[in-house]
Amino acid sequence: MMHFADSLTFSGRKAVAAWAALPFPALSGSSLPDILSAHQQDVPWKLLSSWREQKVSCCFAQSVVLRGICKERPASCPGQPCSPLHSCESPEQVLQQYFHTQFPGAFSTSHVLQQPCDTRPPFPQFFAPLLTRRGFLPDKAQGYSSAGVESIPVLAALQSSPVLHSLLSGLCRDLQARNVRRWSSFFTAGVEQDNFQEALEELKTLSQCYETGFGADGSEDEADSD
């Protein structure tokens, strides 16, 4: 995992954030272009960190894996021009076109696997009862189902993005606010005060590597050509 994260980082960045859609929000029988066309304003995956929820507006590099979405043909669009997503020839091309629109200039890799994630016992059944056995949203209101979810489509991503500036700088502030001198066990474990302060400075410097130049909120995109 460390080597994989290294492949997505540059310009002094060392960390990536994990994102996931579990399950991937898809209607039963819908195609990938149809699904992603419904998420043009915001990506359909969420940050897995305990940090407060943030909208992804840009990123520097990412690797995304999607599994469990069948290769149904895109729905026809009578009387309406189809989106560029519907003109792609493969699911991988659909994802790349979607990333190009959502994160222009970012380095993106994508992999699509047909096999869904198996969620039969002992996998915990914490899913909404509206999901079908295959983890899809029903295309019509079918009432609640007592059947367990046997599998789900999943999207997972590792992303180097400005969100990590807020996460890392927040962690640095939390550590600086603690009086570690009161934690005797902390230093009896072999940590020196000077080493602790040096680590804090390195953490602060690392967080600054994720600034976009338009503010810490990452609300504007950055032309990162590294």
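Before you click on anything, one definition: a residue is buried when its relative accessible area is under 20%, exposed when that area is over 50%, and partly exposed in between, using a 1.4 Å probe and protein chains only. Residue numbers count from 1 along each chain as its sequence is written, and side-chain values rest on heavy atoms, with hydrogens and water left out. What you have open is a predicted model, in which local features need pLDDT of at least 70 and side-chain atom pairs count only at pLDDT 80 or more, while totals for chains, interfaces and linings use all residues.

**Stop 1: the whole chain**

Start with a cartoon view. You have 6 helices and 7 strands to find. Helices here are DSSP runs of H or I with at least four residues, strands are runs of E with at least two, and both are numbered from the N terminus. Walking from the N terminus, the order is α-β-α-β-β-α-β-β-β-β-α-α-α. Of the 226 residues, 36% count as buried. Contact on this tour means heavy atoms within 4.5 Å. Taking the contacts with a separation of 6 or more, 76% are between residues 24 or more positions apart.

**Stop 2: Ser11**

Now select Ser11, in the loop between helix H1 (2-6) and S1. Is Ser11 buried or partly exposed? Ser11 counts as partly exposed, because its relative accessibility is 38%. Check the backbone too: phi of Ser11 is near 60 degrees, a positive value in a residue other than glycine.

**Stop 3: two cis peptide bonds**

Move on to Leu22 and Pro23, which are joined by a cis peptide bond with omega about 0 degrees. Pro23 sits in the loop between S1 and H2. For another cis bond, jump to the link from Pro121 to Pro122, where omega is near 15 degrees. Pro122 is in the loop between strand S5 (117-118) and strand S6 (151-152).

**Stop 4: Gln40**

Select Gln40 in the loop between H2 and strand S2 (46-47). With a relative accessible area of 33%, Gln40 is partly exposed. Leaving out residues up to four places away in sequence, Gln40 touches Leu85, Thr101 and Gln102. Draw a distance from Gln40 to Thr101: they are 61 residues apart along the chain, and their C-alpha atoms are separated by 8.6 Å.

**Stop 5: the largest nonpolar core**

In soluble globular proteins, nonpolar side chains tend to be buried together. A nonpolar core here is a set of buried Ala, Val, Leu, Ile, Met, Phe, Trp, Tyr and Cys residues joined through side-chain atoms within 4.5 Å. The largest one in this model has 38 residues, and those with the most contacts inside it are Phe24, Leu32, Leu36, Trp45 and Ile69. Color the elements that give two or more residues to this core: strand S1 (17-21), helix H2 (32-37), strand S3 (61-67), helix H3 (91-102), strand S7 (154-160), H4 and H6. Which element gives the most? That is H4, with 5 residues.

**Stop 6: H4 against H6**

Show helix H4 (residues 163-176) and helix H6 (residues 193-208), whose axes come within 8 Å and cross at roughly 155 degrees. That makes H4 roughly antiparallel to H6, a label for angles over 145 degrees, with under 35 roughly parallel, 65 to 115 roughly perpendicular and the rest oblique. The axes are lines fitted to C-alpha atoms, for helices over the stretch in contact, and angles run from 0 to 180 degrees between N-to-C directions.

His165, Leu168, Ser169, Leu171, Cys172, Leu175 and Gln176 in H4 meet Phe196, Leu200, Leu203, Lys204, Leu206, Ser207 and Gln208 in H6.

Zoom in on Ser207, in helix H6. Ser207 counts as buried because its relative accessibility is 3%. Setting aside neighbours within four places in sequence, Ser207 is in contact with His165, Leu168 and Ser169.

Then pick Arg173, in helix H4. Arg173 is partly exposed, with a relative accessible area of 48%. The C-alpha atoms of Arg173 and Lys204 are separated by 8.9 Å, although the two are 31 residues apart along the chain.

**Last stop: Val191**

Finish at Val191, in the loop between helix H5 (184-188) and H6. Val191 is partly exposed at 28% relative accessible area. Not counting residues up to four places away in sequence, Val191 touches Phe186 and Phe196.
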